[in-house]
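Visitor: I am new to this structure. Please pick one part and go through it closely, then show what lies around it.

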Amino acid sequence: MASVAAGHDGSTSDDVLVAAGLVRRFGDLTAVDGISFRIGRGETYGLLGPNGAGKTTIISMVAGLIAADAGTVTVAGQRMGPTAVEPKRHIGLVPQDLAIYPELTARENLTLFGKLQGLSGAALTGRVDEVIELIGLTGRAKSLSKEFSGGMKRRLNIGIGLLHQPTLLILDEPTVGVDPQSRNQILESVEQLAVEGMAVLYTTHYMEEAERLCDRIGIIDSGLLQAEGTRDELVRLTAGADLVRLVGTGDLAAATEVLRSLPAVQQVNGDRHALHVTVTDAPAAVAQIVTSATAAGMKLADVEITRPDLESVFLHLTGKALRD
Amino acid sequence: MRQLWTMTQYDLRQRIRDKSVIIFAIIVPLALMFVLDLVMGDLTNPELEPTTVAASVPVDDQLATALVDAVRALDGNGGLAITVQPAPAQAVHDLARAGTVQVGLLVPDGFGAALQQGRAAEVTIVSGEGTGIEQTIVASVVESAVERFSAAALAAAAGGASGLAPAELAAIGQEVATAAPTLSLSEGVASVEQLSSTGALVAGQAGLFLLFTVGFGVTALVTEREQGTLGRLRSMPMPAWTIVTAKALVSFILGIVATTILLAVGGWFFEVGFGSPLAVAVLIVAAVTAATSLMFVIARVARTVEQANIAQSIIALVLGIAGGAFFPITASGWIGSVLDLNPVSAFTRGLGITAGGGGLAGLGTPLLTLLAFAAVVLVVARLIPDRGAGQ
């Protein structure tokens, strides 16, 4: 792992979550392979990785849904696991699936889970009212949730997770399949919660969300934590390299070989439709890159130059595009 | 406990809103009871039609007249309405063929004399159009009367050969013809574990659909696994067993309510009394416990709602049919012993006991069978690997 932030091995009194050496296997597949990270009070931590990287499995262990084959999870100083009860009072889980009851109204869904979290009486009623307003369902609180749009269901799904004001809010890809307006509303809600001091564990495969929301980010691929740090710390792993993306057809394999021989080029990765070329100074090298690729038999349809971002970090670390 | 009740309460609310439980646990079985009663009721409780018998009898033949009187005496017995209409011999066949009468009876001239002399005499029964069991009854009575008259004549002839006086011979003949039979056949009294056919239908259908009703709990559990709410429930601060227990409690409550309604409505409509309400209530609780235990097995083997529905249907139909939910099944030996372990059989048998006036004390065997069934099934469920655990 390319570690850019030191001091994460031991927990401190500020740590809400400490995951240490987590391993989980499904038959011959090792879905999570020795992952460790921690989240401090009021911190938003992102797990960034493509689909199938192991993010949901990590979430399942952190929330005590499944047991780890090795390693430990500690929430608010208490050991988490499938049979644990006390540490679960501190977490609010927002699963990737819409974990709501279609035959219950929005208010009933919130009330049910609020009661299960231990709320009751006026505290429960007051909190349900607050959350309904927060997720923008005031006018639809008495409607059955099966009648809601996808975005409204997503917001209710999130509302249930934060109803009891958990110490740690766990959001597993909360914006998948959501329209842009609802997505923005969800991101704003998470930002607000972070401001209020809630620790957030946020998994996503959207680079923009991780960059916008997260104080620190763990880049995960194939069950391994590839790197961890703030956005700027991670970007520095690319040594300031730019990314030139060549989109086209023709002989991409020959173009790859030619481009790798150019002095300015650090790395070339590609797929059937595009080549991702990591270079020291893109504006100075792009003309030579285009000429060389064309000469090697690639028919270019588009050329993009991007400054270093989490996408290029992921590419740099794994040799794959984030959304492959 | 508070969380257990909260989950149960909200789950029941969803089941009621969903309406499928009302349809499949109450409306469908009641409708099926009515349909099955219409289809099978005629087989078990035949309706006897009014019957007219055209009788041709020789004038001044006392035995022939007595024969017709025996037929006439059937009127009003066991719901049979018999009218005997005198007719000339040549008209009997025509009347029967035309449907004017249902049965024709032709007693030949010299019938009485032939019997008294020990000679053969032939009585003809003519069946009309569309006649059924009524014609068979009339024929049986005629046959029986003829045999008695023959026996009396033979006894008198034997007495004559023995040198008895004519007055004594007449007395012997009279006695043989009119004496009560030394062998008698009477309608059996149903045993205390035997319900009437309609009662068995109501009890059997209630037992069968109980197995479907408790399935709503298991399908809810599998649905929650599929839709993700199970994961959210497992992230709540409560022991994992409360989730499954809440589903079992939902099944249990639905089973109790649905079975009580089915027995009450079915019993009222079909005029079947099941006896002591307390004993019936205890029996229902035991039957629902046995049925609910099956839910745990299905929850372990089914990964999807479809699989759960298929497994539940197979189990319910096999146990229901073997338990006599549609028609009585009788078997002896070890097969009979196995069938007796069926919860539907035990439930029906128990209702037979209560319907026959039995109380709690008489329900020992059915209650023990039902509770033992539940215990064994729960152990089996515990031993089966949970195929949905990794989801």
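Guide: Domain bounds are taken here from an automatic or database domain assignment. The model itself is predicted. For chain B that assignment gives two domains: domain 1 is made of two stretches, 2-43 and 194-383, and domain 2 covers 51-178. Taken over C-alpha atoms, the centres of domain 1 of chain B and domain 2 of chain B are 57 Å apart.

The part to look at closely is a sheet of chain B. It is open and has 4 strands, which follow one another in the order 2-1-3-4, with mixed pairing. In general, the strands of a sheet pair through backbone hydrogen bonds, either parallel or antiparallel. In chain B, strand 2 (82-86) and strand 4 (124-127) are the edge strands; each has a single partner strand, so one side of each has no neighbour in the sheet. From one strand to the next, the twist averages 25 degrees.

One of the pairings can be followed in detail. Strand 1 of chain B, residues 51-56, runs parallel to strand 2 of chain B, and 5 bridges join the pair. In this pairing B:Thr51 is opposite B:Ile82 of strand 2.

Helices lie across this sheet as well. Helix 3 of chain B, residues 62-72, lies across strand 1, strand 2 and strand 3 (103-106) of chain B, and runs at about 150 degrees to strand 2 of chain B. Helix 6 of chain B, residues 133-161, lies across strand 1, strand 3 and strand 4 of chain B; the angle to strand 4 of chain B is about 175 degrees.

In soluble globular proteins, nonpolar side chains tend to be buried together. The largest nonpolar core in this model has 145 residues, and those that touch the most other members are A:Leu17, A:Val62, A:Leu168, A:Ile170, A:Val200, B:Leu283 and B:Ala287. Helix 12 of chain B, residues 277-301, gives the most to this core, with 15 residues. B:Ala287 touches B:Gly207, B:Leu210, B:Thr259, B:Pro343, B:Phe347 and B:Leu370, leaving aside residues up to four places away in sequence. A second core of 30 residues is separate, and B:Val53, B:Val84, B:Ala153 and B:Ala156 are among its members.

Chain B also touches chain A: 19 residues of chain B are in contact with 25 residues of chain A. On the chain A side, strand 7 (91-94) and helix 2 (106-116) are the elements that give two or more residues.

Within it, strand 12 (residues 242-250) of chain A pairs with strand 15 of chain A over 8 bridges in the antiparallel sense. A:Thr249 is opposite A:Lys299 in strand 15 of chain A.

Technical notes. Residues numbered from 1 in each chain as written. Chains lettered and ligands numbered in written order. Predicted model: local features only at pLDDT ≥ 70, side-chain atom pairs only at ≥ 80, totals over all residues. Pairing = 2+ DSSP bridges. Axes fitted to C-alpha atoms, helices over the stretch in contact; angles between N-to-C directions. Contact = placed C-beta atoms within 7 Å. Core = buried A, V, L, I, M, F, W, Y, C linked by C-beta atoms within 7 Å. Buried ≥ 20, exposed ≤ 12 C-beta atoms within 10 Å, placed from the backbone.
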